[in-house]
Amino acid sequence: MKNNKEFINGIYEKYDECLNEKKIIKQRNLKRIANMAAVVAILFSTMIIYSEKQREQVHKTTIIGNEEIEENQINLETVGSFENFYNVIKEKYKSNNMLQLEESESITRDASEIKEAGVKKSETNTQVENVDEADIVKVDDKYIYYVSENKVVIIDAQTPETSDKIAEINYKDANFYPREIYVKNQKLVVIGNEYDNSCKTEIMSTDDTAITDREIVQNNKPKSGMIIYDISNIKEPKETRRVMIEGSYISSRMIDDNIYYVASKYIATSNIQRNKIEDLDEDKYKPVYQDTAVNQEEKCINYDSIYYFAEIQDASYLMLAGLNINNNDEADIRTFLGAGQYVYASEKNMYIATNQMTYGEGYEVLGGTTHLLKIGLNNGKFSFKAENTVDGQVNNQFSMDESQNENTETFRIATTTGNIWVDKTTANNLYILNDKLEEIGKVENFGKEEKIYSVRYVGDKAYVVTFKQTDPLFVIDLSESAEPQILGELKIPGYSTYLHPYDETHLIGFGYDTKEDGTRVTTNGLKMAMFDISDFNNPQELFKIAIGDSKYTYSELLYDHKALLFSKEKNIIAFPLYSSLGRKTNSRAVIYNIDLEKGFSLKGEIANVTDKYDENVKRIVFANNTYYTLSNSLVKVANMDTLEVIREFTIGDTH
């Protein structure tokens, strides 16, 4: 068995591989998961029996630091006590099949238009205006901040010819692995994973049964969270605060100066299954957090402060943390017994969606549902607002959208029903919900025998791409919430995995071209297409272009919208691209110009032809009329007009 440090390090090192193989893993585990469905279903139904029924149906006042915060009404039961928690987990996991799954299942973690005139720097491509998303790179007027493997580097971008790394925060010898960042008000916020390799695993089983990897994680309490730095002295970032939560990072948002953070902690259950309650330490199963703004010590979250949802199937904790980067008020920590997968946020609310499978009597997959949790956001604080479940499963965060219109708040969500791995059983829906997440309108059963690959909401219209053999682009009118309707449909070969608004009447799609190969449909390389949506009843593909030089070309943009650099003002669209060249990789940033009459035109490439993974281009950004391509070890600086590389320098060790 691997030791603790090797095991945890192995998780982090395989993170990128897990993302790329996510769909394959799901297919491989589907049959095994199906066998557990009946057992999984009873978790939260039995909670009603065991719970102390602690309902909070009046306004509750909670002390956060020295401040009293009045919450919205919460009509949710709490776990209440360790005895209740133990009984629920014992009942749910009494099946040997579930125990086997727990011990063998791999651990995974959950992957705009710039409107200012004369824009001088690029910004993160986000879903919602004024709602920032963390990314591996951020740019301000003078500097570029970039996550490169186990460090964060700061690059001086004021003078392109002499641009260089001027500071580095290196976590090589720390128990922290950086993933994403925010930068604002001379504050750098680094989001990442923290692990403790000092803990000794305790074998709590009464027999000689070996402990599981999941139990090692339980004992070592891997955490994730935020480290905040003062960068007023740019060459010497100074740590000012650390907020760590037990669990794995899902997503986050930054609104004004407030960060809203979402994590999920898996609950290891083998010891509960094997032992009597009196032989267990109940504190081991309490999630913990640390906020150095108020205390250096960890705090446990008690069972009477953990809420649960009756329809959640997963044995995990959903952890929320909110804070303002400009003060030292204690972070607002909220805990729910249940999972989270996809996060959408407006300026006022956060919606957390979790896909759940449904099964037949023979444990065959029938389809799934999506559980929704609505959380109010206000000055770094959370308030529970509503929860509900809709039919079908979401594709990603772009399946969701909130609309504010004349003091009316609605939520729109597109889902796929049926077995998403067996197209002939599928169909697609779009639901409109009110501010309490109650259904007020819907369009169902469109794109039969296909599933959703991308969605984009623009005003009162939704654009939905489904796929099986062709790429239907559906235009759905949402102006009448009670009666949404499909206005038009366009069928073309291929499909788009990401849709990006170009202007009010045009939409850009990124994805795959396809071709029919006998009875099969296979991908035929990447493509970028411009859709004319000026006539909602008759959308058209205005023009398209093949991306790269072979069907083996790949781009991170296919699954991460933040890899896109787009500026309508500068008439550019750029992103990283990879192609295999035998033992080497042609890794480059491609830059296109757009003309609505002439189409896309490749302006040029900034390339790294290399056999070193560390030199693969991860992002392209611009600052002060200059492009910067970023890899883990190499930065290239190029003139924005000619694309001539005027400087390159290293930022890390090469392998």
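Start by selecting Phe510 and Phe575: both are buried, where buried means under 20% relative accessible area, exposed means over 50% and partly exposed lies in between, using a 1.4 Å probe and protein chains only. Their rings form an edge-to-face aromatic pair, with 5.8 Å from centre to centre and 80° between the planes. Rings of Phe, Tyr and Trp (its six-membered ring) pair if their centres lie within 6.5 Å; planes under 30 degrees apart are stacked, over 60 edge-to-face, and the rest tilted. Phe510 sits in strand β31 and Phe575 in strand β35 (residues 572–581), so this pair ties together parts 65 residues apart in sequence.

A quick note before moving on. You are looking at a predicted model, in which local features need pLDDT of at least 70 and side-chain atom pairs count only at pLDDT 80 or more, while totals for chains, interfaces and linings use all residues. Residues are numbered from 1 along each chain as its sequence is written, and side-chain values use heavy atoms, with hydrogens and water left out.

In the whole model, the count comes to 22 aromatic pairs. How are the rings of Phe398 and Tyr498 placed? Their centres are 5.5 Å apart and their planes stand at 70°, so this pair is edge-to-face. Phe398 belongs to the loop between β21 (381–391) and β22 (400–405), Tyr498 belongs to strand β30, and 100 residues separate the two. Phe398 counts as buried at 6% relative accessibility, and Tyr498 is buried too, at 5%.

**Next stop: the core**

Now select Ile508, Phe510, Met528, Ile573 and Phe575, the residues with the most contacts inside the largest nonpolar core, which has 37 residues. Such a core is a set of buried Ala, Val, Leu, Ile, Met, Phe, Trp, Tyr and Cys residues joined through side-chain atoms within 4.5 Å. Strand β32 (residues 520–532) gives the most to this core, with five residues. Centre the view on Ile508: leaving aside neighbours within four places in sequence, its contacts (heavy atoms within 4.5 Å) include Tyr498, Met528, Phe566, Ile573 and Phe600.

**Next stop: two sheets**

Show the strands, which are DSSP runs of E with at least two residues, numbered from the N terminus; helices are runs of H or I with at least four. Two strands pair if DSSP finds at least two bridges between them. Four strands form an open antiparallel sheet in the order β30-β31-β32-β33. Its edge strands, β30 (495–503) and β33 (540–547), each pair on one side only. β30 and β31 (residues 506–517) are joined by seven bridges, and Tyr498 has Phe510 as its bridge partner in β31.

Then move to the open sheet of five strands, β11-β12-β16-β17-β15, where the pairing is mixed. β11 (248–255) and β15 (306–308) stand at the edges with a single partner strand each, so one side of each has no neighbour in the sheet. Inside this sheet, β12 (residues 258–266) and β16 (residues 316–324) run antiparallel and are joined by nine bridges. Pick out Asn258 to find one of them: its partner in β16 is Asn324.

**Last stop: zoom out**

Select the whole protein chain to see nine helices and 41 strands. Of its 655 residues, 58% count as buried.
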